[in-house]
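Good morning, and thank you for making time on the agenda. Please keep the display in view as I speak.

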Amino acid sequence: MSLRRRIAEVYRRIWRTYLAWSPGILVLALIVFVPLGLLDALSFHLDLESLDLSSGIKVGAAALALGAIAMTGLLGEVFFSGAIAISLTHPHGEGSPSVREIAGRIKYGRLILLDVALVAIVGAGLLLALLPGIIAFVFLALAGPAVEIEERSVLGALRRSVKLVRGDFWLVFWVLIPVEIAGDAIGEGLAGLVHRILGHTFLATWLAESLSNVALSPVFAVASVLLTVDLIAARDGTAPPLHSAPAPA
């Protein structure tokens, strides 16, 4: 199968899976992204102009606050990808896992450490130049699902992601990068609409950040999980069972 047909097939499956799982996905997204939206709103409303930038402590506080914006966004995607991986690959014989069951199975510590590692690696690449950051993002984008699907350590998940992507870089690139860019663009549009209606208040910022993430981040999570399972099957010959729709209760 040509690369173009493989990419089209992955997009078709992303859409089909997202629609089938949308009720549970959106509930889970609300639980994850509403608190993260609050952190983003706090970061955005930091009054930088009022800070005395000659003060090293205040400059450091400003840098941490701005860094929190990037970290919370990636935290949501990494963490949510792990949660979606549990939903889409739960063992046969079980019904669709409840939010409580997912919460009990998520490897919180590993995903948070993985988030910090990805922010540092991708951020360093973006500081050097745009291209290294994009390459790092693509090679490491499957680490979150690898933690949950294969129960790997943080370092093991990073290595596994690189191994899975190697040889199929352009497939992963043309699926995840457009999803990420389109998601950011649509998210900005939703945020702008909320601000035009409610103004630029703290509450409006919180609502805008939460709404855009709840609506769009699940698409990236589903895409990364589908790619992870597909590439595991391609590399190892077998892969965890993937549910295209929730099992009947």
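Asp236 has a relative accessible area of 44% and is therefore partly exposed; that class lies between buried, under 20% relative accessible area, and exposed, over 50%, with a 1.4 Å probe and protein chains only. Salt bridges with shared partners link Asp236, Arg160, Arg152 and Glu150 in one network. A salt bridge here requires a side-chain nitrogen of Lys or Arg within 4 Å of a carboxyl oxygen of Asp or Glu.

Before I continue, two remarks on provenance. This is a predicted model, in which local features need pLDDT of at least 70 and side-chain atom pairs count only at pLDDT 80 or more, while totals for chains, interfaces and linings use all residues. Residues are numbered from 1 along each chain as its sequence is written, and side-chain values use heavy atoms, with hydrogens and water left out.

Where does Arg160 stand, buried or exposed? With 5% relative accessibility, Arg160 is classed as buried. In its salt bridge with Asp236, the closest N and O atoms are 2.6 Å apart. Since Arg160 belongs to helix α7 and Asp236 to helix α9, this pair ties together parts 76 residues apart in sequence.

Glu150 sits in the loop between α6 and α7, 10 residues from Arg160. Glu150 is partly exposed, at a relative accessible area of 24%.

The structure holds 8 salt bridges. Another of them joins Glu9 and Arg12, whose closest N and O atoms are 2.5 Å apart. These two residues are 3 apart in helix α1, about one helical turn. Both partners are partly exposed: Glu9 at 29% relative accessibility and Arg12 at 41%.

Lys107, in the loop between α3 (99–105) and α4, has a relative accessible area of 18% and is buried. Leaving aside residues up to four places away in sequence, Lys107 touches Val147, Glu148 and Glu151, where contact means heavy atoms within 4.5 Å. Asn213, in helix α9, is buried at 17% relative accessibility. With the same exclusion of sequence neighbours up to four places away, Asn213 touches Phe33, Asp40 and Pro218.

Next, the aromatic residues. How many aromatic pairs does the structure hold? There are 7 aromatic pairs. Rings of Phe, Tyr and Trp, the last by its six-membered ring, pair if their centres lie within 6.5 Å; planes under 30 degrees apart are stacked, over 60 edge-to-face, and the rest tilted. Phe173 and Trp174 have ring centres 5.0 Å apart and planes at 85°, so this pair is edge-to-face. Phe202 and Trp206, by contrast, form a tilted pair, because their planes stand at 50°, with centres 6.4 Å apart. The latter two lie 4 residues apart in helix α9 (residues 202–236), about one turn. One aromatic cluster is made up of Phe139, Phe169, Trp170, Phe173 and Trp174.

The interior comes next. The largest nonpolar core has 59 residues, and those with the most contacts inside it include Phe80, Ile84, Leu114 and Leu227. Such a core is a set of buried Ala, Val, Leu, Ile, Met, Phe, Trp, Tyr and Cys residues joined through side-chain atoms within 4.5 Å. In helix α5 (residues 130–140), the buried residues are Gly133, Ala136, Phe137, Val138 and Leu140. Their cover includes α4 (108–128), α6 (143–149), α7 (154–165), α8 (169–198) and α9.

Finally, the overall composition. The protein has 9 helices and 0 strands. Of its 249 residues, 44% are buried. Among contacts between residues at least 6 apart in sequence, 77% join residues at least 24 apart. The protein exposes about 12600 Å², with carbon and sulfur atoms supplying 68%, as computed by the Shrake-Rupley method with a 1.4 Å probe.

Thank you for your attention.
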